[in-house]
Amino acid sequence: MVWNYPEISKEDFTKLLKGFVDLLILASGFQSSGVPAHWDAENCRKALQWGLFFENMLRSINSSETFGESAREVEEAISEMKSNPLFPKGMENLSSDTLSKGREFVLEHLMNNSTLKDTQLQAVLVAAVESGIIDVIDGKLSERQAVVSRVSALETGLNILSKQDKDTTLLGGGQQPIELVTWNKWQSKGLSYFLRKRTLRLVSGARLIFSAPIAQWAEVLRRLHVSAENKEDIFVEKIELLLLGCVTSRWTHLIEGIMSVSYKTVTVSEQYEKLCKLLLQRSKGLKQNEIALTSKVEEILEHLTDILKNRSHHLWKLPSALIAAAIPPWSPLFGLYFGEIEKQLKLNLSATRCCSCDKDLNEHKDCELAERVWCLYVFHILCRCHQTI
């Protein structure tokens, strides 16, 4: 067999492959000395660039029969490397197939890193989003969260049992906090929306549309047919586009924010009370710590408030994470949305029910209403995505 791929020699390919293996070992969590390896967003980006290099190389080789000899040489080089008794454990699945999915291979090792902390997980996510790799990150994240959830559930259970030995009344008044599984499900759901291909396409479109003066983008929206089949769906998709227009400049910040939130033993009623206090501060004009919005975002919010004044129920057709992230608490639109939530909580007969739970706040545990309260709590109380501190 003769190596006939012109872009790189077999010797250089072998050297780069060995370097790639060393990098994947680091990605798995430890240096050769046994010291934990730290990964920031920049290092993650570099690792993904390595993966992209091998993707492009294997794609080029496999796309032409001319390089058939080189394709077999690649397999031979990998087999020879793996036959070495010093070849690291955990890398047995290295092959031309895994190299052809280089970035996914890198992500798999980064996400399966047992020492990965929240900050490092955020770095992986940011690097993946900025590198345009969102196809597999959602699945990998869900797999990792499932494992973490099982471990955390055991820890939480042990903590509860130890507390019950000291105090037989849990959280007083019989209220139960949101379950860890439910918390993680909502967190994954919100993150999945932000990383979805469709969402990212809409974000790109929103950046383009709202870069124009308000008269122009309002006319564009008026004529926009989007992808929906009927008028009501078209209206909802336009609302979604407007909400995305409010957060395009904070996109990475929002993703980092929802990723950084750790589980807290808090009830729906406790979250609701904190949001009521936030709304009270808004009504008193206490905005000293809030992020100064651009005039463009303020224009979008005014436009949204105007068209939703008598149709705020349409917000319930959109992801709760997007609404919570996009609307600041001082906006009249926040009051409209929160007012709809209060109607649901108080079992207002004029409101269309979004769940079958009873009136009591304690009954809302894993339903749409509880999820919407949770999203507002996460983005406005925990992440403070609309504040400077």
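## Exercise 1: How α1 meets α2

Describe the crossing of α1 and α2 by handedness, then work out its angle class and its contacts.

Step 1. The crossing of α1 and α2 is left-handed, a label used if the near helix is turned anticlockwise from the far one by less than a right angle, with right-handed used if it is turned clockwise. Before going on, note that this is a predicted model, in which local features need pLDDT of at least 70 and side-chain atom pairs count only at pLDDT 80 or more, while totals for chains, interfaces and linings use all residues. Residues are numbered from 1 along each chain as its sequence is written, and side-chain values use heavy atoms, with hydrogens and water left out.

Step 2. Find the two helices: α1 covers residues 10–27 and α2 covers residues 41–62. Helices (H or I, at least four residues) and strands (E, at least two) are DSSP runs, numbered from the N terminus.

Step 3. Now the geometry. Two packed helices are described by the angle between their axes and the distance between the axes. Here the axes come within 11 Å and cross at roughly 140 degrees. Axes are lines fitted to C-alpha atoms, for helices over the stretch in contact, and angles run from 0 to 180 degrees between N-to-C directions.

Step 4. Name the class: α1 and α2 are therefore oblique to each other. The cut-offs are under 35 degrees for roughly parallel, over 145 for roughly antiparallel, 65 to 115 for roughly perpendicular, and oblique for the rest.

Step 5. List who touches whom. From α1 come F13, L16, L17, G19, F20 and L23, and they meet A47, W50, G51, F53, F54 and M57 of α2; contact means heavy atoms within 4.5 Å. Sorted by class, the contact of α1 with α2 has 10 nonpolar, 2 polar and no charged residues. Ala, Val, Leu, Ile, Met, Phe, Trp, Tyr, Cys and Pro count as nonpolar, Asp, Glu, Lys and Arg as charged, and the others, Gly among them, as polar.

Step 6. Look at the rings. W3, F13, F20, W50, F53 and F54 form one aromatic cluster.

## Exercise 2: A pair of tryptophans

What kind of aromatic pair do W183 and W374 form?

Step 1. The structure holds 16 aromatic pairs. Rings of Phe, Tyr and Trp (its six-membered ring) pair if their centres lie within 6.5 Å; planes under 30 degrees apart are stacked, over 60 edge-to-face, and the rest tilted.

Step 2. W183 and W374 sit 5.4 Å centre to centre with 80 degrees between the planes, an edge-to-face pair.

Step 3. The pair links distant parts of the chain: W183 is in α8 (residues 180–195) and W374 in α17 (residues 368–382), 191 residues apart.

Step 4. Check accessibility. W183 is buried at a relative accessible area of 0%, and W374 is buried at 1%. Buried means under 20% relative accessible area, exposed over 50%, and partly exposed in between (1.4 Å probe, protein chains only).

Step 5. Turn to the helices. The axes of α8 and α17 come within 11 Å and cross at roughly 75 degrees, which makes α8 roughly perpendicular to α17. In α8, W183, W186, Q187, K189 and F194 meet A370, E371, W374, Y377, F379 and L382 in α17. That contact has 8 nonpolar, 1 polar and 2 charged residues.

## Exercise 3: The whole chain

How many helices and strands does the chain have?

Step 1. The chain has 17 helices and 0 strands.

Step 2. Of its 389 residues, 46% count as buried.
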